[in-house]
2 protein chains.
Amino acid sequence: MSEAKIRLYVEHPLGQGQSVQLSRDQAHYLFGVMRLTLGAAVLLFNGQDGEWRATVVEAGKRGGALHCEVQTRPLQVPPDLWLMFAPIKKARTDFIVEKAAEMGARRIVPVQTDFTNAGRVQRDRLQAHAVEAAEQCGGTYVAEVTDMVRLDRALADLGERKVMFCDEALAEAEDTSALLDTPGPWAILIGPEGGFSERERARLHRLEAAYAVQLGPRILRADTAAVAALTVWQQTLGDWR
Amino acid sequence: MSEAKIRLYVEHPLGQGQSVQLSRDQAHYLFGVMRLTLGAAVLLFNGQDGEWRATVVEAGKRGGALHCEVQTRPLQVPPDLWLMFAPIKKARTDFIVEKAAEMGARRIVPVQTDFTNAGRVQRDRLQAHAVEAAEQCGGTYVAEVTDMVRLDRALADLGERKVMFCDEALAEAEDTSALLDTPGPWAILIGPEGGFSERERARLHRLEAAYAVQLGPRILRADTAAVAALTVWQQTLGDWR
């Protein structure tokens, strides 16, 4: 069998002997762009059934089919961590979604804060970035991108979930070692460029399960802060340990 | 005195009573774009003398002058950490330089590896990104971007400097807590997209002061790995402690 170099996300059940029909776009990518022919191997994942090695059994211009042969990796769901962030400029928002998916956030939640001026967020486009990041990074899970929600609503919906804040204006950051004693579901919240409003800040301070962390002496851009905070969390409580 | 919102990097000595002549570009930015007028305040830094509050004493279309009044922050040189990386696509290379400067690397070294196909690197353009990042992040130091060097040469020039590797193909990653006992000058080396060649890998393994670290179970893109590795280092040995 040839070596499978392409990893493809499909919205289709995967299992021993399963046949997977390809969409027109997928067929174009595999046969038109990547020039795969009958018998070529591809790695498939759907975010639920792990990673499967499949071979091309039908190749056409408008469609095709793959045959699942063997599971190459089981499903690995990342830790129960959400990344909540206030969308910024388009390129940096795309970047945050890509990085959050690579770094192993389970859910990505764009939040509308008082100082967010991103208007609408195209959830589908961001979800596609999360899929592409999963294809690239070898993950078998795809982070779920939600619709944008107001920060108030997002905080109200957290339930027992703890929150790690990154807001340089929040004084009294905790030592990250304090996080070590607090396993369970978590969210990381990255503040918007103009910071939180006074009203939001007061609300955040009232939250019992909130931990402010300090990410060094320089002010980080939101996209840098997202990757740094995910690193701190994954190293302390997540699957990097 | 009005509040200074603009931070500007200048190549000029800064000190009490010092007069700073502006270039045409700087004058255009301050007076044409930002619409500053006589008496307006600006924060200046030059990477050596800390941050100074200065006021506009002359404003023209092709030039102008500022008068340094008071030092607002002393020079803060980041820890003795270099980021060595194999340049990738233009946008991601720019991104790595920006992030390394924000995260507090003292020097940024593009390295040519066997599998690097970036051709030439425009040092001036990358240096400008490092300056812009320093203006943004409130730093008083500007990371120095060097010309691209061959990996062999870069490793030979390390001297006593220890190296943290991030190469998923390097097995037996050390626990990052092992780094705790090894202060001193360091470099972080981020592998190229195709990984290191066999020859390079052998060379790296022979280095006594090399530490391989594992950045989680997913494969990170080079730009993500750079931010994550800088976070790990700054938290363990750097100025985030």
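At what angle do α6(A) and helix α6 of chain B pack, and how far apart are their axes?

## The α6 pair

Helix α6(A) and helix α6 (residues 222–236) of chain B pack at an angle of about 60°, and their axes are 9 Å apart. Axes here are lines fitted to C-alpha atoms, for helices over the stretch in contact, and angles run from 0 to 180 degrees between N-to-C directions. Helices (H or I, at least four residues) and strands (E, at least two) are DSSP runs, numbered from the N terminus. The two helices, α6(A) and α6(B), are therefore oblique to each other; angles under 35 degrees count as roughly parallel, over 145 as roughly antiparallel, 65 to 115 as roughly perpendicular and the rest as oblique. The crossing of α6(A) and α6(B) is right-handed, the term for a near helix turned clockwise from the far one by less than a right angle, with anticlockwise being left-handed.

On α6(A), the contact is made by A:Thr224, A:Val227, A:Ala228, A:Thr231, A:Val232 and A:Gln235. On α6(B), the contributors are B:Thr224, B:Val227, B:Ala228, B:Thr231, B:Val232 and B:Gln235. Two residues are in contact if their C-beta atoms, placed from the backbone, lie within 7 Å. By class, the contact of α6(A) with α6(B) has six nonpolar, six polar and no charged residues. Ala, Val, Leu, Ile, Met, Phe, Trp, Tyr, Cys and Pro count as nonpolar, Asp, Glu, Lys and Arg as charged, and the others, Gly among them, as polar.

## Basis of the model

This is a predicted model, in which local features need pLDDT of at least 70, side-chain atom pairs count only at pLDDT 80 or more, and totals for chains, interfaces and linings use all residues. Residues are numbered from 1 along each chain as its sequence is written, while chains are lettered from A and ligands numbered from 1 in the order in which they are written.

## The interface and its symmetry

In chain A, 25 residues are in contact with 25 residues of chain B. Helices α2 (90–103), α3 (123–137) and α6 (222–236) of chain A each supply at least two residues of this side, and the largest share, seven residues, comes from α6(A). By class, the side of chain A that touches chain B has 10 nonpolar, 10 polar and five charged residues.

Chain A is superposed on chain B by a rotation of 180° with 0.0 Å of shift along its axis (RMSD 0.0 Å). That is the relation of a two-fold axis. The superposition is by least squares on the C-alpha atoms of residues with pLDDT of at least 70 in both copies. Because 100% of the interface residues of chain A are also interface residues in chain B, the copies meet through the same surface.

## Helix packing within the chains

Within chain A, the axes of α2(A) and α6(A) come within 9 Å and cross at roughly 10°. That makes α2(A) roughly parallel to α6(A). Among the residues of α2(A) that meet α6(A) are A:Phe95, A:Ile96 and A:Met103. By class, this contact has eight nonpolar, one polar and three charged residues.

Within chain B, the axes of α2(B) and α3(B) come within 8 Å and cross at roughly 40°. Helices α2(B) and α3(B) are therefore oblique to each other, and their crossing is right-handed.

## Domains of chain A

The domain assignment, which is automatic or from a database, gives chain A domain 1 (7–73) and domain 2 (81–236). The C-alpha centres of these domains lie 33 Å apart. Eight residues of domain 1 are in contact with six residues of domain 2.
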